[in-house]
Amino acid sequence: MTKLIGSKKIKTAVFISGTGSNLKNLIKFSKKRNSPISIDLIVSNSSKSKGLKYADQFKIKKKIFSFDHVTNTERKILIQLNKYEINFICLAGFMKILSKNFIKKFKGKIINIHPSLLPKYKGLNTHERAIKNKDKFAGCSVHYVTEKLDSGKIIMQKKIKIANKDNSYSLAKKVLKQEHKIYPASIIKILN
Ligand code: GRF
């Protein structure tokens, strides 16, 4: 991955589908002096994503794509990424799977946050599965995105203890708090 050159920040797009707490956290981080990225575009697959409000709040361009037809949609996204000179992509709760072709075009420049201690619990419902299996620990991972779902090289992980009284909601809340720490830290680790 290209490292930060001089004081110019790397133009970044954040892809979301939902609440956008990681998005908000990354926007705040991007405004700090030590952040190697600026956030110049927010992409969502749904106009209902709550996180889109942060585009308005922080005056960042937003684009919504339906993903009905993946190839066409990705072509349109690539046009926008080009237009805004985006050189780095952070997936943050983005629920669509990007094609091999798209990932190839941004090789080594797409990262994702996943709410489990990968390689454990790839895919959905990670907290439910951890609790059902009576795991002692849960956590989150930031990793490079490759064509294999949730399988790219891990950049950073944070492990937390699962309490006896935890359910999937309380666990998600605890893990999310850690996500907000390791996502910026991972970006600093690979780009600074
Ligand atoms: C996070 O737990 C993230 O790890 C997962 O989806 C959730 C998104 O939360 N992929 P938010 O939209 O950033 O609040």
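I started with Thr-19, where a backbone N or O atom lies 3.5 Å from an oxygen atom of the ligand. This is a predicted model, where local features need pLDDT of at least 70 and side-chain atom pairs count only at pLDDT 80 or more, while totals for chains, interfaces and linings use all residues. Residues are numbered from 1 along each chain as its sequence is written, and side-chain values use heavy atoms, with hydrogens and water left out.

Next I looked up Ser-21: a polar atom of its side chain sits 2.6 Å from a ligand oxygen. For Asn-22, a polar backbone atom is 2.9 Å from an oxygen atom of the ligand. I then checked the cover: the protein hides 81% of the 370 Å² of accessible area that the ligand has on its own (Shrake-Rupley method, 1.4 Å probe; for residues, only the protein chains shown count as cover).

Which residues are around the ligand? I noted Thr-19, Gly-20, Ser-21, Asn-22, Gly-93, Ile-113, His-114, Pro-115, Leu-176 and Glu-179 (a heavy atom within 4 Å puts a residue near the molecule).

**Domains.** I found two of them, domain 1 (9–107) and domain 2 (114–192), with bounds from an automatic or database domain assignment. Their centres, taken over C-alpha atoms, are 20 Å apart. Domain 1 puts 17 residues into the contact and domain 2 puts in 15 residues (contact means heavy atoms within 4.5 Å).

**Cores.** I looked for the largest nonpolar core and got 36 residues, with Phe-88, Ile-111, Tyr-183 and Ile-187 having the most contacts inside it. Such a core is a set of buried Ala, Val, Leu, Ile, Met, Phe, Trp, Tyr and Cys residues joined through side-chain atoms within 4.5 Å. Helix H6 (residues 168–191) is its top contributor, giving seven residues (helices are DSSP runs of H or I with at least four residues, strands are E runs of at least two, numbered from the N terminus).

Leaving aside neighbours within four places in sequence, Ile-111 has contacts including Phe-88, Cys-90, Val-142, Tyr-144, Ile-155, Tyr-183 and Ile-190.

**Ser-49.** I found Ser-49 in the loop between strand S2 (37–44) and helix H2 (53–57). Is Ser-49 buried or exposed? Ser-49 counts as buried because its relative accessibility is 5% (buried is under 20%, exposed over 50%, partly exposed in between, with a 1.4 Å probe and protein chains only). The Ser-49 side chain reaches the backbone oxygen of Ser-17 at 2.7 Å, and a polar contact of 2.7 Å joins the side chains of Ser-49 and Ser-44. A polar contact is a pair of N or O atoms within 3.5 Å; within protein, one must be able to donate a hydrogen and the other to accept it, and residues adjacent in sequence count only if both atoms are side-chain atoms.

**Asp-135.** Last, I checked Asp-135, in the loop between helix H5 (126–132) and strand S6 (137–144). Asp-135 is buried, at 16% relative accessible area. Its side chain makes a polar contact of 2.6 Å with that of Tyr-121.
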